[in-house]
Amino acid sequence: MHKKNNLSKIFFFISFFLVFSAPLAHSASENNESSLSKSIMEIAVELKCLECEGQNVYESNSNFSQSIKAYISEELTKGTGSSDIINDLHQKYGDEILMTPPVQANTYVLWILPFFLLSLGFVIFFFKLRK
């Protein structure tokens, strides 16, 4: 009689554990999915859709953007870092895929020209005010 009581207690604890641990496992998988989608978004915002005008991959729904998002998701599940993913895509598609062009010797003019023109505009404006 004592063994039956112990078996029913064990059965009760196992049932209790299974019933209350299932939602915890589900919430852990949801957290993993949400962190994965957040990582996809963080990477996709830095990449430009090559089919769209001025849209990043995250905002675009083109076929190209969908395939890039799938590639990012696949690489993240493999454990590849975000900078490695961006570098891989940069090597494959060139500078056009980056939302922010890299600072290189051939792009110095693109980076310096706006500041130069703004400074020149201020100088001309102040000379006109003095006259």
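## Packing of helices α2 and α3

Helix α2 passes helix α3 in a right-handed crossing, a term used when the near helix is turned clockwise from the far one by less than a right angle. This is a predicted model, in which local features need pLDDT of at least 70 and side-chain atom pairs count only at pLDDT 80 or more, while totals for chains, interfaces and linings use all residues. Residues are numbered from 1 along each chain as its sequence is written, and side-chain values use heavy atoms, with hydrogens and water left out.

Helix α2 covers residues 63-78 and helix α3 residues 82-93; helices are DSSP runs of H or I with at least four residues, numbered from the N terminus. The two pack at an angle of about 140 degrees, and their axes lie 11 Å apart. That angle makes α2 oblique to α3, because angles under 35 degrees count as roughly parallel, over 145 as roughly antiparallel, 65 to 115 as roughly perpendicular and the rest as oblique. The axes are lines fitted to C-alpha atoms over the stretch in contact, and angles run from 0 to 180 degrees between N-to-C directions.

The side chains of E74 and K78 form one of them, at 3.7 Å from N to O. Both residues lie in helix α2, four residues apart, or about one turn of the helix.

K78 also forms a salt bridge with E75, where the closest N and O atoms are 3.4 Å apart. K78 and E75 are separated by about one helical turn, because they stand three residues apart in helix α2. Through shared partners, the salt bridges join E74, E75 and K78 into one network.

Buried means under 20% relative accessible area, exposed over 50%, and partly exposed in between, with a 1.4 Å probe and protein chains only.

## A nonpolar surface patch

A nonpolar surface patch of about 1,100 Å² includes V103, Y108, W111, F116, L117 and I124. Patch residues have over 30% relative accessible area and no salt bridge; like charges are joined within 9 Å and nonpolar side chains (Val, Leu, Ile, Met, Phe, Trp, Tyr) within 5 Å. Accessible areas come from the Shrake-Rupley method with a 1.4 Å probe, and for residues only the protein chains shown count as cover.

L117 is found in helix α4, which spans residues 108-130. With a relative accessible area of 48%, L117 is partly exposed.

Notes: Salt bridge = Lys/Arg side-chain N within 4 Å of Asp/Glu carboxyl O.
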